[in-house]
Amino acid sequence: MSDCLFCKINEGSIPAEKIYDDNGVFAIKDINPQAPVHFLIIPKKHFSTILEVKETDHEMIGSIYSVANQLAKKSGLDQTGFRIVLNCGAEAGQSVFHIHYHFLGGRVLKWPPG
Ligand code: 5GP
Ligand code: ZN
């Protein structure tokens with residue numbers, strides 16, 4: 001999608017260091033981290049919200065589990081714990097309308113979230 005931040009980062013027209021990259025998914029560090037570790041795991045296909053994800057996308061979305069697993073081991077958070085968050089819509093605080101999974105850790109995370 002032409003006017004989308006994460007599509008532009010994926011295409012390279014906006015710079016960001018990819019810490020993970022495969023055919024369907026990439027990951028970057030969040031520009032405004034909310035925890036010592038704060039990655040964004042992003043499917044390359046543009047979905048504005050999870051409400052656009054169809055059954056035919058399930059395999060690609062499912063691969064996000066394996067990316068999270070790898071990032072957990074790489075960052076050492078597999079030893080301590082981490083949280084994955086996906087915000088959907090205005091009241092959940094979604095600000096970039098291309099779905100992304102926040103991968104957070106490196107401190108004690110409170111529950112319930114704010
Ligand atoms: P949301 O609020 O939609 O759940 O999350 C969007 C996230 O994208 C925020 O945590 C925000 O800090 C991050 N973000 C916004 N712009 C950029 C950017 O240009 N680069 C990176 N790496 N992260 C960004
Ligand atoms: Zn997009």
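User: Which protein donors does the zinc ion (ligand 2) have?
Analyst: They are C4 (SG), C7 (SG), H46 (ND1) and H98 (ND1), lying 2.0 to 2.3 Å from the zinc ion (ligand 2). Donors are N, O and S atoms within 2.8 Å of the metal (3.2 Å for Na, K and Ca), and water is not among the atoms, so sites may look incomplete. This is a predicted model, where local features need pLDDT of at least 70, side-chain atom pairs count only at pLDDT 80 or more, and totals for chains, interfaces and linings use all residues. Side-chain values use heavy atoms, with hydrogens and water left out.
User: What is the spacing of the donor residues in sequence?
Analyst: C-x2-C-x38-H-x51-H. H46 lies in the loop between β3 (37–43) and α2 (58–75) and H98 in the loop between β4 (82–85) and β5 (101–105), so the two tie together parts that are 52 residues apart in sequence. Helices (H or I, at least four residues) and strands (E, at least two) are DSSP runs, numbered from the N terminus.
User: Is H98 buried or exposed?
Analyst: Buried, at 0% relative accessibility. Buried means under 20% relative accessible area, exposed over 50%, partly exposed in between (1.4 Å probe, protein chains only).
User: Now the rings. How many aromatic pairs are there in the whole structure?
Analyst: Two. The rings of F39 and F103 have centres 5.6 Å apart and planes at 20 degrees, so they are stacked. Rings of Phe, Tyr and Trp (its six-membered ring) pair if their centres lie within 6.5 Å; planes under 30 degrees apart count as stacked, over 60 as edge-to-face and the rest as tilted. F82 and F103 are also stacked, at 4.7 Å centre to centre and 20 degrees between the planes.

Notes:
Residues are numbered from 1 along each chain as its sequence is written. Chains are lettered from A and ligands numbered from 1 in the order in which they are written.
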